[in-house]
Amino acid sequence: MEEIISLTDEERSIQELVRSISDRDLAPIADDLDRHEKFASGVFKTLGDSGLLGIVIPEEYGGAGGSYLSAVLVMEELARNCGGTALSFGAHAFIGAHNIYKFSNPDQRKKYLPDLCSGKKLAAFCLTEPGYGSDAMGLQARAEKKGSSYILNGSKTFITNGSVADTFLVFVRTGGPGVKGISAFIVERGMPGFVSGKPMEKMGMRASPTTELFFEDCEIPADNLLGQEGQGGYYALQGLDMERTLFSGLPIGLIQGALDIALKYSTERKQFGVPLAAHQMVQSMIADISMNLYISRSLAYSAARKLQNNEKLTLNASYSKLFASEASVKSTLDAIQVLGGYGYMREYKVERLMRDAKLVEIGGGTSQIQKLIIAREVYKQSGYEI
Ligand SMILES: Cc1cc2nc3c(=O)[nH]c(=O)nc-3n(C[C@H](O)[C@H](O)[C@H](O)COP(=O)(O)OP(=O)(O)OC[C@H]3O[C@@H](n4cnc5c(N)ncnc54)[C@H](O)[C@@H]3O)c2cc1C
């Protein structure tokens, strides 16, 4: 395939390493993980042993010190075989561990990051509440300062890794309404008053546990406040461009997985005496899938390079998230169509990719919210006020 961007030697070796782990350890168990809603703990152990669970965290804390583009490549390689494992990886490595790295003080970094990079502990990012999803900055969970502790009350929902993580980045209200009243805390499993619910049953991403979390007079040391009180909402917002860019690797991996299956099947299966691939309407679907893959990669890779260079990337990151998410739903549906009735059967894997793909139009800011961000930014950059 044509190269979209030239990768560094390091990025290429990370890509090859994760590709081999994904094909060797994840592909054979992915259907079983999906069917029985199991978490790929063995694969996470292997990723942790290779430092990949801290892919964008500096080596001094046990991370791989990789580029943002290498993180996109890791997501792609995992999602190609199992979207749920990629989702849990991203929740841990990007919005969990990397956000903790970015906004923590030296003592917190030393305390939490080595275990998160090695996989001894996994992370979860806890923003959404039952009444506050897209309107995340309206959240209502509260923390009150009491001596050298904070007392947390409230609940979170749809938390990826909620049942397997030990280290939770939790956003709660310490002040008045709006973004200014929000603070971020590191909460550890086992702190009194912290309860994680049972995994919620899902349509796709079934290898990734999603749970509710409850804080009932949960007492946490004041030292676990991340950064400054009242800044947590801004940390969550600042992390969004990074989240959208790196998570774009997930739908890209799903599209690649769907294309691989459709290419192979369409050259093996014959109808009307010739391979399906010889029929032009089948070729049309293959062309659409591969073009969507190319555009998704172009948007994600350029956003990753901008992120690396500290360039402004709000538009690029939202284009990337929106396009790749919608393209993955369309492409996985097209791939099912290429396989006909067999595509509808579980055995052929492509229906799993489609069920996984639907989530990426919802999580991390829905497609509608991406459009709002894009439109707002376009007006702003064009000098109009709306
Ligand atoms: C499997 C899964 C894993 C998740 N993991 C995490 C996690 O690890 N941590 C975490 O904090 N959250 C997580 N989430 C939550 C996720 O980010 C939210 O589901 C998402 O932000 C949407 O919020 P909502 O589900 O409450 O939908 P709502 O906000 O209620 O939206 C419902 C519909 O209304 C539309 N809508 C809402 N507001 C507007 C508007 N202003 N204009 C136009 N349309 C609008 C939406 O686009 C959507 O179509 C996860 C969700 C799922 C399903």
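This is a predicted model: local features need pLDDT of at least 70, side-chain atom pairs count only at pLDDT 80 or more; totals for chains, interfaces and linings use all residues.
Residues are numbered from 1 along each chain as its sequence is written.

Back to our pair. Helix α10 covers residues 280–308 and helix α11 covers 314–339; their axes come within 9 Å and cross at roughly 155°. Axes here are lines fitted to C-alpha atoms, for helices over the stretch in contact, and angles run from 0 to 180 degrees between N-to-C directions. Helices are DSSP runs of H or I with at least four residues, strands are runs of E with at least two, and both are numbered from the N terminus. The crossing of α10 with α11 is left-handed, meaning the near helix is turned anticlockwise from the far one by less than a right angle; clockwise would be right-handed.

Now a second pair. Helix α5 (residues 83–103) packs against helix α8 (residues 240–247) at about 160°, with axes 10 Å apart. Here α5 passes α8 in a right-handed crossing. On the α5 side, the contact is made by Gly-90, Phe-94, Ile-95 and His-98, and on the α8 side by Met-242, Glu-243, Leu-246 and Phe-247. Two residues are in contact if their C-beta atoms, placed from the backbone, lie within 7 Å.

Leu-246 leads us to Val-72: leaving aside neighbours within four places in sequence, Val-72 is in contact with Leu-246, Ser-248, Gly-249, Ala-300, Tyr-301 and Ala-304.

Finally, let's visit a loop. Thr-128 lies between β1 (123–126) and β2 (142–146). Is Thr-128 buried, exposed or partly exposed? Thr-128 counts as partly exposed, because it has 19 C-beta neighbours inside 10 Å; buried takes 20 or more other C-beta atoms within 10 Å, exposed 12 or fewer, and partly exposed is in between. Not counting residues up to four places away in sequence, Thr-128 touches several residues, including Lys-156 and Phe-158.

Phe-158 itself sits in strand β3 (residues 149–160). Phe-158 has a positive phi of about 60° although it is not a glycine. Asn-161, in the loop between β3 and β4 (167–173), also is not a glycine and has a positive phi, of about 75°. Asn-161 is buried, with 28 other C-beta atoms within 10 Å.
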